[in-house]
Amino acid sequence: MPILDDFIWRAVFAGLLIAAVSGPLGCFVVWRRMAYFGDTLAHSALMGVALGLVLGLSPNLGTLVACILLAVLLGLLEGQRRLPGDTLLGILAHSTLAIGIVAISTMTSMRVDLMGYLFGDILAVTKSDIAWMAGGGVGVLLVLALIWRPLLAITIHRDLAAAEGVPVFWTRQIFMLLIAVIIAGAMKVVGVLLITSLMIIPAAAARRFARTPEAMAAIASLVGVAAVGGGLWSSFRWDTPAGPTIVAAAAVLFTLSLIASPPSGAGSSSG
Amino acid sequence: MPIRLRRRPQPDAASAEVLIAGRGLTLEAQGQPVLDHVGIEVRRGEIVTLIGPNGAGKTTLVKVLLGLQRPDRGVVEKAACVRVGYVPQRFAVDPVLPLTVSRFLDLARRCSPAEKEAVLEEVGAPALLARSMHALSGGEIQRVLLARALVRDPNLLVLDEPVQGVDYAGQAELYALIARIRDRRRCGVLLISHDLHLVMAATDQVVCLNRHVCCSGLPEAVSRHPEYVALFGRRAASELAFYSHRHDHRHGPDGEVVPLTAPHSI
């Protein structure tokens, strides 16, 4: 597509893609209280970059592999009793981030833009990045649509779903892999430190305007798209870093959602 | 005061097919016995009520029977035809998850609005379909949970404290509803209750659990105490009874079995 020859349009396209996919996925992250889980995967992405560079793979592939490995590990560790869950996540999040930075800094042979990985470098998105994101995004949405009902069922009540025959372990495991894929894809857009916000802020902003889970997912996507649009525009206008500006725009939208009165009939106190 | 004794009619209860059975179920948690050689059976068309104090292992037993938890020893035998409808203990939808009753019923099985209306009608909660799950009263939640269990057209209902969060009069009504559902659908029902008095009229078998099966059998006496009648109305009161049974042991402070003949200092 010739339009993708312009770096600005590549940035817009990548941002909108990630925002649209993050909406539904972010809703589940919020409903299942997995914000910290998402953060941990995101932090480990940096180790994936280092891994990719060491092994001579592309950083995208390295990130994907690292995120998936960690998601599988965390899935298997669920239910362990030795450490509280958030302590375990904290250990993994920060040690993988630290090891990733140390590993990258020792690679004197090449210049690696650490800030780009930490806070995103959406203006440097290439056509091949976009191909990755589009493929991954469509794949994630397809799989999510397939597991939507069982995932929603185990989110609402795990035992009830299990008694009805929902494969709890595999549904959860697949969901974690979807998060891993989207984090690997979103790293270029907002960076590993801000990725989780792109999932949870639009979802949180959407809550008061939705009466069904599906509506909340759709509204979250729209909020995310608006945040990317507004953030990119502001970043060009005032020459601010794109990733953080997108997140700031999402925060503004969230604040507005608190003030705006929801349409009658929506929200939790209706009836 | 006249006390009328009546045996509930139990058409071929003893010969009906066993839907689910647990044998010798034993489970320990952190070195403490939770279940100790527990045996239990539910037949088609039969209501079995599990009673016992808090911490007696009632919910654990149900989870083991449903396959949600693995026992250390013992077996669970399920008839091939069994389709379970389950009402779990402690149910609340997180306020951050918007959910209507209609979508909630969809999770058990995709069904048409007419089917959903019908099943809500059956549990005495019509016109809730479009309501938010967060705007339901305790009694409405229990009825919606029951409706979700029924949507799957089960032949075995497993109800873990199905009257929690419901006022006393409403509890009697719910137990009567469960008995009607059993009559209409000819399903087996396994019911957990910690209320000794309310359940008995609507039950065929009682299993008294305190980590092991203390006793089990038929509920025997129906009480028509005028105070019950005054409290719950005549129809509810006719559903009330108390279960007279005999213990051959008592329990010490840690739940261990103490023979009744043993002297105790309290």
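Student: By class, how many nonpolar, polar and charged residues does the lining of the second largest pocket have?

Tutor: The lining of the second largest pocket has four nonpolar, three polar and five charged residues, where Ala, Val, Leu, Ile, Met, Phe, Trp, Tyr, Cys and Pro count as nonpolar, Asp, Glu, Lys and Arg as charged, and the others, Gly among them, as polar. This is a predicted model, in which local features need pLDDT of at least 70 and side-chain atom pairs count only at pLDDT 80 or more, while totals for chains, interfaces and linings use all residues. Residues are numbered from 1 along each chain as its sequence is written, chains are lettered from A and ligands numbered from 1 in the order in which they are written, and side-chain values use heavy atoms, with hydrogens and water left out.

Student: Which residues line that second largest pocket, and about how much space lies in it?

Tutor: On a 1 Å grid over the protein atoms alone, a pocket is an open set of points with protein on both sides within 12 Å along at least five of seven lines, a cavity is a set where a 1.4 Å probe fits but cannot get out, and lining residues have an atom within 4 Å of a point. Points are joined across faces, edges and corners, and a volume is the space filled by probe spheres set on them. Here the space comes to about 340 Å³, and the lining draws on both chains: Arg32(A), Glu78(A), Gly79(A), Arg81(A), Ile154(A), Arg158(A), Val168(A), Phe169(A) and Arg172(A) are joined by Ala29(B), Gln30(B) and Gln69(B). Helix 8 of chain A gives the most, with three residues, a helix being a DSSP run of H or I with at least four residues, a strand a run of E with at least two, and both being numbered from the N terminus.

Student: How many residues line the largest pocket, and which lie nearest its centre?

Tutor: There are 23 lining residues around the largest pocket, and Arg32(A), Arg33(A), Met34(A), Glu78(A) and Arg172(A) lie nearest its centre. The space in this pocket is about 540 Å³, and its lining divides into 14 nonpolar, four polar and five charged residues. Helix 4 of chain A gives the most to this lining, with three residues, and the elements that each supply at least two include helix 2 (35-55), helix 6 (127-156) and helix 8 (168-190) of that chain.

Student: How many helices and strands does the secondary structure of chain A come to, and what share of its residues is buried?

Tutor: Chain A has eleven helices and zero strands. Of its 271 residues, 52% are buried, that is, under 20% relative accessible area, with exposed meaning over 50% and partly exposed in between (1.4 Å probe, protein chains only).

Student: Where is Cys81(B) placed in chain B?

Tutor: Cys81(B) sits in the loop between strand 4 (73-78) and strand 5 (84-87), and its relative accessible area of 34% is why it is classed as partly exposed. Although Cys81(B) and Pro154(B) are 73 residues apart in sequence, their C-alpha atoms are 9.8 Å apart in space.
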